[in-house]
Amino acid sequence: MATTIIDGRAVAAAVRERIKKSTEEFINRTGITPGLAVVLVGEDPASQVYVRNKHRACGEVGFLSRVYTLPASTTEDELLALIAELNADREIHGILVQLPLPKHISESRVILAIDPKKDVDAFHPQNVGGIMTGDYKFVPCTPAGVMELLAHYGIDPSGKSAVVVGRSNIVGKPQALLLLEKNATVTVCHSRTRDLAAVTRTADILVVAVGRAKMITGDMVKEGAVVIDVGMNRLDDGKLCGDVDFDSVFPVASHITPVPGGVGPMTITMLLCNTLRAAEDAAAKPCH
Ligand code: NDP
């Protein structure tokens, strides 16, 4: 059986093209340009790259994009004041505070301060709760991107055994809920899971989001499984690599995402989707 490499770059490009067209139609119809504000506190180089990429992606699909770069010495009150301003700003439909924040600022207080209607990262407890009940507007971008990849390749999770390795609030937990919503039978693994390989070998769909280079090897994967690698690890030689050992898993899997070029390109794409949705909602309910 030939293994299909899931091409995240191609899927992301196709979805962004759709977003660009919808944005054009939306602007023509309403006169409103979807607007995203990205707030960066401090000078973390990786965060600076992420913010630049988000800014560029917004421009490409016709969004208004504002980047607020604040010094690492910014106080929590100053950041909360900016968020209050952005909550009230009618040109801004999505607010994203780039994490991690400097240690003296409480991430949870900052996330709570974002208007849930503008919380395009879907980190606010109200949006997190919506994923639990299946009544949601926004889905965290990375798990949403994984679901989009599965759909694009005609992989229906219904009735399948899905194993998610990792239980973070931004990837593992929402990923498990989204797979459950699509009627997969879901198991979540974490650092205390006993005999990880025995569990991963039961997976028809295996999603790995741990942050440990090449930890999933071919002998841990069932023949014909779909393997989605969320991990992004920087090796000593500077190269990027996933949590899945691509070379040993490739011959076993039916589908596999590469790193780079798999899940990564989908994350910003889903942020654009969420921002357009927020703008559409704001246009439909102009008093809110
Ligand atoms: P976290 O560090 O928040 O979570 C890692 C999870 O892995 C935890 O739940 C942890 O378990 C679990 N874990 C750690 N060691 C093991 C082990 N030996 N066996 C099984 N589970 C283990 O990471 P994130 O979820 O934020 O990110 C995970 C990876 O995905 C990272 O490489 C990150 O860079 C990447 N990422 C990629 C994105 C993209 O756009 N492609 C976006 C977001 C993240 P426990 O809870 O018990 O500690």
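Because the model is predicted, local features need pLDDT of at least 70 and side-chain atom pairs count only at pLDDT 80 or more, while totals for chains, interfaces and linings use all residues. Residues are numbered from 1 along each chain as its sequence is written, and side-chain values use heavy atoms, with hydrogens and water left out.

**View 1. The residues around the ligand.** The shell around the ligand holds 21 residues, of which Arg 167, Ser 168, Ser 191, Arg 212 and Thr 267 come nearest (a residue is near a molecule if one of its heavy atoms lies within 4 Å of it). By class, this shell is made up of nine nonpolar, ten polar and two charged residues (Ala, Val, Leu, Ile, Met, Phe, Trp, Tyr, Cys and Pro count as nonpolar, Asp, Glu, Lys and Arg as charged, and the others, Gly among them, as polar).

View 2. At His 190 a polar backbone atom takes part, at 3.4 Å from a nitrogen atom of the ligand. On its own the ligand has 930 Å² of accessible area, and the protein covers 71% of this (Shrake-Rupley method with a 1.4 Å probe).

**View 3. The largest pocket.** The ligand sits in the largest pocket, in the sense that more than half of its atoms lie within 2 Å of the grid points of the pocket. On a 1 Å grid over the protein atoms alone, a pocket is an open set of points with protein on both sides within 12 Å along at least five of seven lines, a cavity is a set where a 1.4 Å probe fits but cannot get out, and lining residues have an atom within 4 Å of a point. About 1,400 Å³ of space lies in this pocket, with volume taken as the space filled by probe spheres set on the points, which are joined across faces, edges and corners. Among the 47 lining residues, Tyr 50, Thr 142, Met 232, Gly 264 and Thr 267 are the closest to the centre of the pocket. Helix H2 (45-61) gives the most to the lining, with nine residues (helices are DSSP runs of H or I with at least four residues, strands are runs of E with at least two, and both are numbered from the N terminus). The lining comprises 26 nonpolar, twelve polar and nine charged residues.

**View 4. The largest cavity.** The structure holds one cavity of 30 Å³ or more, and the largest cavity has a volume of about 50 Å³. Its lining includes Ile 95, Leu 96, Val 97 and Asp 119, and strand S4 gives the largest share, three residues.

View 5. The peptide bond from Leu 99 to Pro 100 is cis, with omega near 0°, and Pro 100 is found in the loop between S4 and helix H4 (107-113). Ala 122, in the loop between H4 and helix H5 (125-133), has a positive phi of about 60° although it is not a glycine. A cis peptide bond also joins Val 259 to Pro 260, where Pro 260 lies in the loop between strand S11 (255-256) and H10.

Definitions and conventions. Polar contact = N/O pair within 3.5 Å; in protein donor to acceptor, adjacent residues only side chain to side chain.
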